[in-house]
Amino acid sequence: MIGKMMNSGSSKIAKIMAGALATVFAVTGTVGLLARNTFAADEEVAATGETVVLRVCNWEEYIDLGEWEEDEVIDLDNGDIFGENPIYEDFAEWYFEKTGVKVVIEYSCFGTNEELYNMLTIGDVYDLVCPSDYMIMKLMSEGKLVAFSEGFFDTENEENYYVRGASPFIQQAFEENEINGEAWKNYAACYMWGVTGMLYNPDEVPREDAMSWRIISNSDYYRQVTVKDNVRDTMFAAMGALKSDLLMSEDFINSENYSMRLRDEMNDVSEETLMQLQEYIQEVRKNAYSFESDSGKADMITGKVLANLQWSGDAVYAMDQAEEDDYYLEFAIPDECTNLWFDGWVMLKNGIGNDAAKQKAAEAFVNYMSMPESAVRNMYYIGYTSAITGGEYDDTVFQYIDWTYSADEDEDPENIVEYNVGYYFTGEEDSEDYIIYATEDQTRRQLYAQYPPKDAIDRSAIMWYFDTEANARVNQMWINVRCFNANSIPVWLWIVIGAAFAAAVFIMIRTRINNRVK
């Protein structure tokens, strides 16, 4: 992956103008009509034997593609889970059994949010895509998305697995964060989420160093640290390092509006801040082994580097792979803050249009991916954390976490710790029903990365969507860092370049004059 993005909540904006209320009522009426018509559309499509073609575009390697080995069966109390076929093929079979409607999934992939946006810009047509939060915000602001139907949010419908089983923590974030007065939840259903941090070798890097973003410019790790070759992730880490003293100050941490202040600081794209970031990231570039897109995991596994700016899911993958060779890595979520990101399913207007049967199939696809069993399959396959907990209806996901991370029976009791994930499953910080009894090292490894502790979530911020003007400044800063920055050339070098150019021009003119004389 995977790119990703991120944020603590912003308050809902109260809409009190009569015109705005009228618009809401109008939209609500339309959605209700659409929800009623989808059932009629299903019956009509089933009767004619027509096939619904659903074009789905997702991140590369970001869904269960099946073909598990025989020894990969996940045996839970609720039953065995096994991925034989690509999960989207299983959806098509399930949907036909439920509705009598044949659906064909045309599944394709993208590599970055920007690549997806460019694909849409040049005319590629998809019905359902899975961008990250800031791209969801961009698509919302540009009016390119179709809102979920009223029926999608009906908690009485047992097949609405998303609204009935998504984490309260996730649902709150999608309700509170808005673009142009509209909540994310109206247009996006969270698929996977995570944080960013530092994957590191604990034998060579003290955890104290890894727990600060300043490690990316720490000369003790010269040419032994890698950062991401994309502006948003590296900029966030650099912002955390640049503002470390402020973010770690007691006054800042204890402020009443801490979450809002943190979000504002981490999304500061003023010209002054961007200039400081540019200078800092240029120093990081001198110190780092590389700016990488996907090689950081392999570089850590092979020991080529000692620390790597990484998304939590890819960190889990790297720790798993290294462990197979008895090589142990750990993950640190910096004390300054972390970037909380989300990837979510959205329906596109230019694909779904007014096709009620297609929207019904798209919403069913989201719900199928939100089944606890599907969530487990996808998490197992890709290493990232599903937005699904199963809610009060199904504890399969918690059983899977317990199955994955609980200490073995023969483990030394002194090496076993309680790891509470209650905040994620119930919204309560210390729910006694959601404790994992894991080995002590898991408080720094895979369990810690997949389900960060509550204090890490409390110091998280989503990186926001920037408007056109701000985005241009950010991109120019990155171009200056990654390519050529004329401002970074010292005056004396400009003088030398100018003198050399003048000399070259003089010689050229002199040669031409001499040639004419001859």
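Tutor: A cavity is a set of points on a 1 Å grid over the protein atoms alone where a 1.4 Å probe fits but cannot get out; lining residues have an atom within 4 Å of a point. Grid points are joined across faces, edges and corners, and a volume is the space filled by probe spheres set on the points. This is a predicted model: local features need pLDDT of at least 70, side-chain atom pairs count only at pLDDT 80 or more, and totals for chains, interfaces and linings use all residues. Residues are numbered from 1 along each chain as its sequence is written, and side-chain values use heavy atoms, without hydrogens and water.

Student: How much space lies in the largest cavity?

Tutor: About 40 Å³. Its lining includes Cys190, Tyr191, Met192 and Trp345.

Student: Changing topic, how many aromatic pairs are there?

Tutor: The count is 38 aromatic pairs, where ring centres of Phe, Tyr and Trp (its six-membered ring) lie within 6.5 Å; planes under 30 degrees apart are stacked, over 60 edge-to-face, the rest tilted. One of them joins tryptophan 59 and phenylalanine 110, tilted, at 4.8 Å centre to centre and 50° between the planes.

Student: Are those two residues buried or exposed?

Tutor: Both tryptophan 59 and phenylalanine 110 are buried, meaning under 20% relative accessible area with a 1.4 Å probe, protein chains only (exposed is over 50%, partly exposed in between).

Student: Why does tyrosine 424 count as buried?

Tutor: Because its relative accessibility is 0%.

Technical notes: 1 Å grid on protein atoms, 1.4 Å probe; cavity = no way out; pocket = protein on both sides within 12 Å on 5 of 7 lines; lining within 4 Å.
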